[in-house]
Amino acid sequence: MNLQDKYGVDGRKGDVRVIAANNKNVEEEISVSRFLLNLYYRLNVFLILLPQLLESQGDILLLTDCFLKKYAGKQERSITGFSDKVIAQIRNYI
């Protein structure tokens with residue numbers, strides 16, 4: 001794609017990758033004209049289906065541990081885990 005053609009930029013070329021996420025059934029949205037069919041075909045080159053967390057509840061505590069370690073490290077804190085009370089609250093929230 002030539003950026004000058006589209007945006008009047010100084011003729012530089014660009015390689016663009018788009019990652020799009022959606023929480024709707026896109027085929028259904030197309031059928032009721034709430035999503036453009038041509039855009040769907042342009043975006044639907046490589047489809048990755050991820051289950052909702054409600055469908056994979058066992059992953060939630062793994063994810064919370066991962067985020068805890070990541071952000072505790074960034075904050076230079078030595079937090080090793082969640083209390084039983086917090087884990088119970090997470091499970092009850094789901």
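**Figure 1. Val 18 sits in the loop that joins helix H1 (3-7) to helix H2 (26-31).** The model shown here and in the other views is predicted. Val 18 is exposed, because its relative accessible area of 59% is over the 50% that the term requires. On the surface, Val 18 belongs to a nonpolar patch together with Val 16, Leu 36, Leu 39 and Leu 43. The accessible area of these residues together is about 450 Å².

**Figure 2. The chain as a whole is built from helices, with 5 helices and 0 strands.** Read from the N terminus, the order of elements is α-α-α-α-α. The chain has 94 residues, and 11% of them are buried. The accessible surface of the chain amounts to about 8,900 Å². Carbon and sulfur atoms contribute 53% of that surface.

**Figure 3. Glu 29 and Arg 34 are joined by a salt bridge between their side chains.** The distance from N to O in this pair is 2.8 Å. The structure holds 1 salt bridge, so this view shows a pair that meets the limit of 4 Å between a side-chain nitrogen of Lys or Arg and a carboxyl oxygen of Asp or Glu. Glu 29 is placed in helix H2. Glu 29 counts as buried because its value of 13% is under 20%. When residues up to four places away in sequence are not counted, Glu 29 touches Lys 24, Arg 34 and Phe 35.

**Figure 4. Ser 33 has a positive phi in the loop between H2 and helix H3 (37-43).** The phi of Ser 33 is about 60°, although Ser 33 is not a glycine. Most residues other than glycine have a negative phi. Ser 33 is exposed, with a relative accessible area of 67%.

**Figure 5. Tyr 40 and Tyr 41 form an aromatic pair.** A search of the whole structure gives 2 aromatic pairs. In the pair shown, the ring centres are 5.4 Å apart and the ring planes meet at 65°, so the arrangement is edge-to-face. The angle of 65° is over the 60 degrees at which a pair is given that name. Which of the two residues is buried, and which is exposed? Tyr 40 is buried, with a relative accessible area of 15%. Tyr 41 is exposed, with a relative accessibility of 56%.

**Figure 6. Ile 48 lies in the loop between H3 and H4.** Ile 48 is exposed, and its relative accessible area is 57%. How far apart are the C-alpha atoms of Ile 48 and Ala 21? The separation is 9.4 Å, for two residues that are 27 residues apart along the chain.

**Figure 7. Thr 64 is a buried residue of helix H4.** The relative accessible area of Thr 64 is 18%. Thr 64 is therefore buried, since this value is under the limit of 20%. A polar atom of the Thr 64 side chain lies 2.8 Å from the backbone oxygen of Leu 61. With neighbours within four places in sequence set aside, Thr 64 is in contact with Phe 82 and Ile 90.

**Figure 8. Glu 76 is found in the loop between helix H4 (58-74) and helix H5 (84-93).** Its phi is near 55°, which is a positive value in a residue other than glycine. Most residues other than glycine have a negative phi. Glu 76 is exposed, with a relative accessible area of 75%.

Key
Residues are numbered from 1 along each chain as its sequence is written. This is a predicted model: local features need pLDDT of at least 70, side-chain atom pairs count only at pLDDT 80 or more; totals for chains, interfaces and linings use all residues. Side-chain values use heavy atoms; hydrogens and water are left out. Patches are made of residues with over 30% relative accessible area and no salt bridge: like charges are joined within 9 Å, nonpolar side chains (Val, Leu, Ile, Met, Phe, Trp, Tyr) within 5 Å. Accessible areas come from the Shrake-Rupley method with a 1.4 Å probe; for residues, only the protein chains shown count as cover. Helices (H or I, at least four residues) and strands (E, at least two) are DSSP runs, numbered from the N terminus. Buried means under 20% relative accessible area, exposed over 50%, partly exposed in between (1.4 Å probe, protein chains only). Contact means heavy atoms within 4.5 Å. Rings of Phe, Tyr and Trp (its six-membered ring) pair if their centres lie within 6.5 Å; planes under 30 degrees apart count as stacked, over 60 as edge-to-face and the rest as tilted. A polar contact is a pair of N or O atoms within 3.5 Å; within protein, one must be able to donate a hydrogen and the other to accept it, and residues adjacent in sequence count only if both atoms are side-chain atoms.
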